[in-house]
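Reader: Could you walk me through this model, taking the contact between the chains before anything else?

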Amino acid sequence: MRNRLHPLRELLLARFRESFREPEVVFWTYGFPLLLAVGLGIAFRNRPMEQIYVDVEQHTSAAAVAEHLRGSPGFTVEVHLRQACRERLRLGKSSITVVPGEHYTFVYDPTRPESALARQRVDDVLQRAAGRRDPIPIREQQVQEPGARYIDFLVPGLIGMNLMGSGMWGVGFVIVDMRVRKLLKRFVATPMKRSDFLWSMVGGRMLFMFPELGIILGAGVLLFGVAVRGSIAGIFLISVTGALCFAGLGLLVACRAQHIETVSGLMNLVMLPMWLLSGVFFSSDRFPAYLQPLVQALPLTQLNNALRAVILEGAPLPAQAGKLAILVAWGGISFAIALRCFRWN
Amino acid sequence: MCDLAIRCHGLRKQYRTRNGTVDAVNGLDLEVRQGECFGLLGPNGAGKTTTVEILEGLLRATSGEVEVLGMRWGENDDELRQRIGISLQETRFPEKLSVCEILTLFRSFYREGKDPTAVMESVGLTEKARAWAGKLSGGQTQRLAVACALVGNPDLVFLDEPTTGLDPQSRRQLWGIIRDLGSQGKTTLLTTHYMDEAERLCDRVAVVDHGRVIALGSPIELIATLGAHHVVEFAVEDGRHPAPERLSVLPAVCEVRNEAKGVALTVNEPHLTIPALLQLLEMENLTLVRLTTRQASLEDVFVHLTGRHLDEEQTAPA
């Protein structure tokens with residue numbers, strides 16, 4: 001009987017069936033990043049303006065001072081005896097104590113940010129109440145639109161982190177597992193083309209990537225109103241490039257390892273610097289200048305930056321070419337080395 | 001010679017270890033004829049698996065010549081792979097793929113081959129077609145491994161320890177499958193450390209020890225080299241057995257072996273030996289606690305040649 005089955009198609013099918021029959025894999029690939037996005041999104045959602053807690057020490061003019069402060073928005077004011085005021089300040093129940101008298105005294109800890117803020121605000125209110133006039137009139141324009149919030153920053157980072165994690169694990173771990181099981185050896189004992197096998201690994205990653213991307217981006221848009229300003233096609237292309245890059249790194253990490261423990265360690269070694277430096281949870285620009293060459297050379301930094309530029313700023317795809325080139329270089333070089341050094345037996 | 005499925009000459013495989021080099025295979029010669037079932041029999045560590053993996057093109061020999069189906073590894077690899085089927089000593093198949101899916105996957109690698117359904121039937125796994133590989137018993141897993149070796153409809157089948165660790169019933173099932181291969185005209189090379197398996201299945205057997213063939217022939221020929229077809233085994237109370245020189249002069253005795261739990265005599269005519277043995281024991285005032293007779297086996301051939309049993313671990317060659 002002639003062969004009517006295509007080996008690449010069968011290998012891909014096998015990858016699919018195995019993955020989706022493994023509940024843990026489905027959870028860690030799709031459920032976990034979703035939970036992370038929801039959890040962090042809730043934790044860092046934009047809160048109403050912080051209250052400033054002020055105590056006024058008991059004095060004949062205490063009531064008047066308290067009245068002035070209460071007349072301004074954002075103050076919670078209580079009047080207490082000296083001892084109680086000190087106690088409350090020490091326990092963090094108030095940020096500042098105002099001691100009225102001929103001179104007002106502010107009792108506060110300047111190293112506590114909320115106390116430093118409270119000192120400025122209290123001073124401002126009391127000075128105005130005493131008749132200060134501001135020489136320059138100020139108008140305020142407050143911004144709270146989608147695109148500038150923490151969750152907007154976070155979603156592209158989570159997409160990048162997930163593409164890295166599942167690319168490395170989905171290729172590296174699976175290959176070493178097959179090697180441990182002697183399945184790789186069994187495969188090369190057949191006429192299977194080795195390139196078919198490697199393409200099935202890469203192809204599998206490409207196909208698994210779509211739901212990963214869709215779930216995180218979809219959750220961002222539907223649950224948190226993240227505004228996608230760039231083109232979907234651009235986001236797709238960047239994600240595909242990222243997934244390919246990390247599939248290559250996964251292959252490289254797995255190309256010689258003979259134990260699951262070895263490959264797990266290697267993968268963590270590769271991924272840890274990127275978790276820390278590549279701007280998943282906060283901007284990588286915050287790292288000092290001498291670290292920036294390293295930070296910018298990491299593929300996840302480039303992937304996250306490209307995703308953020310397209311999703312949040314609506315930047316055109318051609319402007320991301322440099323970032324994509326770095327990803328392609330990482331993926332391509334890893335792939336080439338992995339192919340040369342791959343241990344089949 | 002075109003009627004040889006496998007020919008190898010002076011095969012040698014050295015492994016580097018911490019204490020220098022070890023010769024896993026040490027100048028091994030082998031000729032397997034087309035259509036026969038050939039057995040490599042030897043204890044664990046004798047070099048059987050290394051030899052087979054070299055013949056399968058999975059390992060490279062340190063030196064020596066190998067010809068498989070008239071072709072050589074490194075020259076006609078794809079053609080060779082199309083025509084051989086392999087069952088490794090140990091393969092753990094993907095646990096969450098079904099028997100049918102795994103066979104279909106393996107089938108897709110071959111230009112020509114058999115319908116997976118037919119292969120499943122031939123190894124008795126039809127009922128398990130939709131069962132995941134992780135849920136199969138040891139015997140079923142081993143039959144799946146053999147099925148994967150057969151799905152490309154190979155001319156030459158390698159089975160490395162196909163029944164190791166299986167229960168008696170599963171072993172018999174596999175023996176049936178392996179016998180069927182012979183009736184289909186396929187050449188089979190199997191390794192085993194079970195002498196009964198080699199005796200029942202193999203047309204010819206090479207006894208391997210320390211990486212070398214130490215005896216070659218059909219099971220009947222090999223047993224005939226003992227000079228006798230029966231083994232009388234006995235044990236006496238407290239293990240105070242008579243001296244070997246007193247036993248070797250008993251009628252019809254060819255060989256005397258002291259064993260862990262008694263003495264084994266290789267004999268031509270047990271009906272002459274046994275009365276004389278009982279008489280000797282009585283004279284020496286010894287109490288018999290065990291007396292059995294059986295047909296001589298390949299095990300006895302191995303013990304005769306090496307002084308060790310097949311199930312003893314191979315000690316590293318000095």
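**Where the chains meet**

Author: The contact draws on 23 residues from chain A and 28 residues from chain B, two residues being in contact if their C-beta atoms, placed from the backbone, lie within 7 Å. Please keep in mind that this is a predicted model, in which local features need pLDDT of at least 70 and side-chain atom pairs count only at pLDDT 80 or more, while totals for chains, interfaces and linings use all residues. Residues are numbered from 1 along each chain as its sequence is written, and chains are lettered from A and ligands numbered from 1 in the order in which they are written.

Reader: At what angle do α1(A) and α3 of chain B cross?

Author: The axes of α1(A) and helix α3 (residues 99-108) of chain B cross at roughly 155 degrees and come within 8 Å. Axes here are lines fitted to C-alpha atoms, for helices over the stretch in contact, with angles running from 0 to 180 degrees between N-to-C directions. The two helices are therefore roughly antiparallel to each other, since angles under 35 degrees count as roughly parallel, over 145 as roughly antiparallel, 65 to 115 as roughly perpendicular and the rest as oblique.

Reader: And is the crossing left-handed or right-handed?

Author: α1(A) passes α3(B) in a left-handed crossing; a crossing is left-handed if the near helix is turned anticlockwise from the far one by less than a right angle, and right-handed if clockwise. The contact is made by A:P7, A:E10, A:L11, A:A14 and A:R17 of α1(A) together with B:E101, B:T104, B:L105 and B:S108 of α3(B). By class, these residues divide into four nonpolar, two polar and three charged.

Reader: Changing topic, how do α6(A) and α8(A) pack?

Author: The axes of α6(A) and helix α8 (residues 194-224) of chain A come within 10 Å and cross at roughly 155 degrees, which makes α6(A) roughly antiparallel to α8(A). The crossing of α6(A) past α8(A) is right-handed. Among the contacting residues are A:I151, A:G167 and A:G170 of α6(A) and A:R205, A:E212 and A:F224 of α8(A). The contact of α6(A) with α8(A) has 14 nonpolar, five polar and two charged residues.

Reader: What about the largest nonpolar core, which residues touch the most other members?

Author: Those are B:I102 and B:A147, in a core of 149 residues. A nonpolar core is a set of buried Ala, Val, Leu, Ile, Met, Phe, Trp, Tyr and Cys residues joined through C-beta atoms within 7 Å. A residue is buried if 20 or more other C-beta atoms lie within 10 Å of its own, exposed if 12 or fewer, and partly exposed in between, with C-beta atoms placed from the backbone. Helix α6 (residues 150-180) of chain A gives the most to this core, with 14 residues. Not counting residues up to four places away in sequence, B:A147 touches B:L103, B:V119, B:M120, B:V123 and B:L125.

Reader: Back to α7 of chain A, is A:L184 buried or exposed?

Author: A:L184, which is found in helix α7 of chain A, is buried, with 20 other C-beta atoms within 10 Å. Leaving aside neighbours within four places in sequence, A:L184 is in contact with A:M178, A:R179 and A:W344.

Reader: And what is the phi of B:L69?

Author: B:L69 has a positive phi of about 50 degrees although it is not a glycine, and B:L69 lies in the loop between β4 (63-68) and α2 (77-83) of chain B. B:N153, in the loop between α5 (138-150) and β6 (156-160) of chain B, likewise has a positive phi, near 50 degrees, and is a residue other than glycine. B:L69 is buried, with 20 other C-beta atoms within 10 Å, whereas B:N153 is partly exposed, with 19.

How values were computed: Helix = DSSP H or I, 4+ residues; strand = E, 2+ residues; numbered from the N terminus. Nonpolar A, V, L, I, M, F, W, Y, C, P; charged D, E, K, R; others polar.
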